[in-house]
Protein chains: 2
Amino acid sequence: MAVLKHSKQRDMIKEFLMTRKDHPTADVVYSNVRLQNPNISLGTVYRNLTLLADIGEIQRLRLGDGVDHFDADTSPHYHFVCSECGRVIDLELDSITGITDSAQTHFKGHIAGHITYFYGTCENCMNE
Amino acid sequence: MAVLKHSKQRDMIKEFLMTRKDHPTADVVYSNVRLQNPNISLGTVYRNLTLLADIGEIQRLRLGDGVDHFDADTSPHYHFVCSECGRVIDLELDSITGITDSAQTHFKGHIAGHITYFYGTCENCMNE
DNA sequence: ATGATAACAGTAATCGTTACTAATTTCATT
DNA sequence: AATGAAATTAGTAACGATTACTGTTATCAT
């Protein structure tokens with residue numbers, strides 16, 4: 001990979017993402033970062049989100065809603081997606097890495113890991 | 001919902017899907033069904049795959065590769081996605097529905113279920 | 001300061017999917 | 001069997017998220 005050069009835009013994107021716990025999409029990142037730098041390009045946001053995810057500084061979440069979400073918290077944890085409002089919420093959950101092992105027992109390839117997320121109705125939507 | 005009327009195109013799509021264990025995409029369904037009916041429209045394929053999934057006759061799989069896959073096997077089971085070749089393979093795995101309960105314990109909304117799939121290198125790609 | 005190259009803004013293109021429309025098919029009722 | 005209302009179709013246009021391109025600007029080792 002090419003040598004990484006510093007960029008103000010990348011810093012802004014990373015910093016914005018660290019202030020948020022709601023796993024925003026590229027578009028949300030774009031419109032928020034634009035408040036500070038109205039000239040930033042949507043392509044720049046996408047490119048840097050991809051780059052940051054590739055070097056492991058952020059996490060890309062694919063939650064089946066057709067839009068990528070991004071999370072500055074790279075520690076392993078699980079997510080809940082509200083089927084009503086689409087909200088994405090962190091979940092406290094004891095590690096379930098054991099399921100990778102138990103999936104491996106009957107499988108001849110190599111299982112490197114798993115993707116799991118939960119869905120249902122969030123607290124907010126239940127009170128309606 | 002409107003009354004369902006029979007359609008030859010829908011039958012062909014369902015029948016094709018039942019012959020396949022490799023979880024084809026809409027496009028693969030389209031090009032195969034077109035061998036029998038060259039006039040069928042891609043929109044018809046999408047509409048019927050969605051309809052069949054809505055009435056529970058098939059399953060729509062979202063596996064994080066940006067393309068929907070479809071499975072005529074509607075029984076609950078898990079999938080493996082090869083990171084090398086993209087192949088999707090059924091997995092034998094004892095039920096892990098318990099994780100839904102254990103996710104529920106610390107969560108105030110209602111968890112209806114979970115999506116889990118595994119990734120790694122398939123047997124084919126390991127022999128290369 | 002210079003120069004190589006990474007990153008940028010702006011825009012066009014791509015890809016999977018959905019929406020639209022006029023014509024056709026299904027099917028319950030005659 | 002003929003009628004007609006409604007579902008379905010083929011074909012095509014539109015859409016939204018993302019990626020690619022291009023000429024310009026910023027970074028940074030020398």
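User: Why is B:E57 called partly exposed?

Analyst: The relative accessibility of B:E57 is 34%. Buried means under 20% relative accessible area, exposed means over 50%, and partly exposed is in between (1.4 Å probe, protein chains only). At 34%, B:E57 therefore counts as partly exposed. This is a predicted model, in which local features need pLDDT of at least 70 and side-chain atom pairs count only at pLDDT 80 or more, while totals for chains, interfaces and linings use all residues. Residues are numbered from 1 along each chain as its sequence is written, chains are lettered from A and ligands numbered from 1 in the order in which they are written, and side-chain values use heavy atoms, with hydrogens and water left out.

User: What makes the pair B:K14 and B:E57 a salt bridge?

Analyst: The term asks for a side-chain nitrogen of Lys or Arg within 4 Å of a carboxyl oxygen of Asp or Glu. Between B:K14 and B:E57 the N to O distance is 2.9 Å, so the pair meets the rule. The two partners lie 43 residues apart: B:K14 is in helix α1 (residues 8-18) of chain B, and B:E57 is in the loop between α3 and β1 (59-62). Helices (H or I, at least four residues) and strands (E, at least two) are DSSP runs, numbered from the N terminus.

User: How do you know that A:D68 and A:R62 form a salt bridge?

Analyst: Their side chains come to 3.1 Å, N to O, which puts the pair under the same rule. A:R62 is partly exposed, because its relative accessible area is 37%. A:R60, A:R62 and A:D68 are linked in a network of salt bridges. In chain B, B:D68 and B:R62 also form a salt bridge, with the closest N and O atoms 3.1 Å apart. Over all chains the count comes to 8 salt bridges.

User: Why does A:H114 count as buried?

Analyst: A:H114 has 13% relative accessibility. That is under the 20% limit, so A:H114 is buried. A:H114 sits in strand β5 (residues 110-121) of chain A.

User: Which residues are closest to DNA strand C?

Analyst: A:K5, A:S7, A:T44, A:R47 and B:Y46 are the closest among the 21 residues that surround DNA strand C. A residue is near a strand if one of its heavy atoms lies within 4 Å of it. Of the atoms of DNA strand C within 4 Å of the protein, 80% belong to sugar or phosphate and the rest to bases. One base contact is a polar side-chain atom of A:S41, 3.0 Å from a base nitrogen. The largest share of the surface near DNA strand C, 3 residues, comes from α3(A).

User: How do you know what surrounds DNA strand D?

Analyst: DNA strand D is surrounded by 21 residues, the closest being A:Y46, B:K5, B:S7, B:T44 and B:R47. Sugar and phosphate make up 76% of the atoms of DNA strand D that come within 4 Å of the protein. Phosphate oxygens of DNA strand D lie 2.6 Å from a polar side-chain atom of A:Y46 and 2.3 Å from one of B:T44. In A:D68, a backbone N or O atom is 2.9 Å from a phosphate oxygen of DNA strand D. Here α3(B) gives the largest share of the surface, 3 residues.

User: What are the domains of chain A?

Analyst: Chain A is divided into domain 1 (8-71) and domain 2 (78-127), with bounds from an automatic or database domain assignment. Their centres, taken over C-alpha atoms, are 22 Å apart. The contact between them takes 9 residues from domain 1 and 6 residues from domain 2. Chain A as a whole has 5 helices and 5 strands, and 43% of its 128 residues count as buried.

Key
Polar contact = N/O pair within 3.5 Å; in protein donor to acceptor, adjacent residues only side chain to side chain. Contact = heavy atoms within 4.5 Å.
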